[in-house]
Amino acid sequence: MKKLVFATNNKHKLEEVQAILGNTFEIVSLNEIGCFDEIPETADTLEGNALLKAKYVFDKYALDCFADDTGLEIEALGGAPGVYSARFAGEECDSAKNMQKVLKLMDGIKNREACFKTVIALILQEKTYYFEGKICGTIAEKPGGNAGFGYDPIFIPEGYDKSFAELTPEIKNKISHRALAVKKLSDFLI
């Protein structure tokens with residue numbers, strides 16, 4: 001089984017990616033390689049942040065790895081929060097506050113079109129590859145569901161009438177932005 005470092009300690013992301021990849025790869029977290037550093041995400045693009053994280057791990061530990069960055073892009077907000085999605089309501093990266101801020105900004109706005117985008121940067125044998133997944137949908141009027149994480153309770157994917165947080169993990173792990181990017185990563189690695 002191939003072993004790859006996923007440059008994250010986000011338990012939800014680790015579980016999601018492992019569920020998508022199945023038993024094809026052993027995914028190792030930053031904790032498991034002894035990396036407890038706060039890796040800066042200072043780029044102004046999702047691609048840039050994903051690469052910063054992957055490069056940090058590769059340069060420090062000399063291990064093949066991948067990292068992702070995800071952004072929620074809302075049409076009526078000019079693409080915001082975008083690359084700043086995790087810290088939209090402040091540096092503490094509080095999902096509930098981020099959702100509250102989005103809902104407050106969207107109050108009274110009819111155009112609720114939005115897209116979720118994930119970019120994965122893979123460093124494999126000193127070469128860098130990128131994989132992107134994107135799903136469009138709408139922003140709900142209020143949060144719904146308890147599953148998922150981040151903005152999942154307010155994002156309703158196209159073709160569904162429930163938020164990501166109301167869908168089963170099996171459905172979400174087939175259609176989500178992260179699932180689409182991870183599938184491209186998996187197809188590349190196999």
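Predicted model: local features only at pLDDT ≥ 70, side-chain atom pairs only at ≥ 80, totals over all residues.

The cut-off for a disulfide is 2.5 Å between the two sulfur atoms. Cys65 is likewise in no disulfide, its nearest cysteine sulfur being that of Cys35, 9.9 Å away.

Are these two cysteines buried or exposed? Cys35 counts as buried, with 0% relative accessibility. Cys65 is buried too, and its relative accessible area is 0%.

Now turn to the bonded pair. How many disulfides does the distance rule give? The count is one. That disulfide links Cys115 with Cys136, and the S to S distance is 2.2 Å. The two sulfurs need to be within 2.5 Å to count.

Where do the two partners sit? Cys115 belongs to strand β5, residues 113-124. Cys136 belongs to strand β6, residues 127-139. The pair therefore ties together parts that lie 21 residues apart in sequence.

The geometry of the link has a handedness. The angle about the S-S bond is 85 degrees, and the link of Cys115 and Cys136 is right-handed.

Cys115 is buried, at a relative accessible area of 14%. Cys136 is partly exposed, at 27%. The line for buried is drawn at under 20%.

Methods
Residues numbered from 1 in each chain as written. Heavy atoms only, no water. Helix = DSSP H or I, 4+ residues; strand = E, 2+ residues; numbered from the N terminus. Buried < 20%, exposed > 50% of the residue type's maximum accessible area, 1.4 Å probe, protein only.
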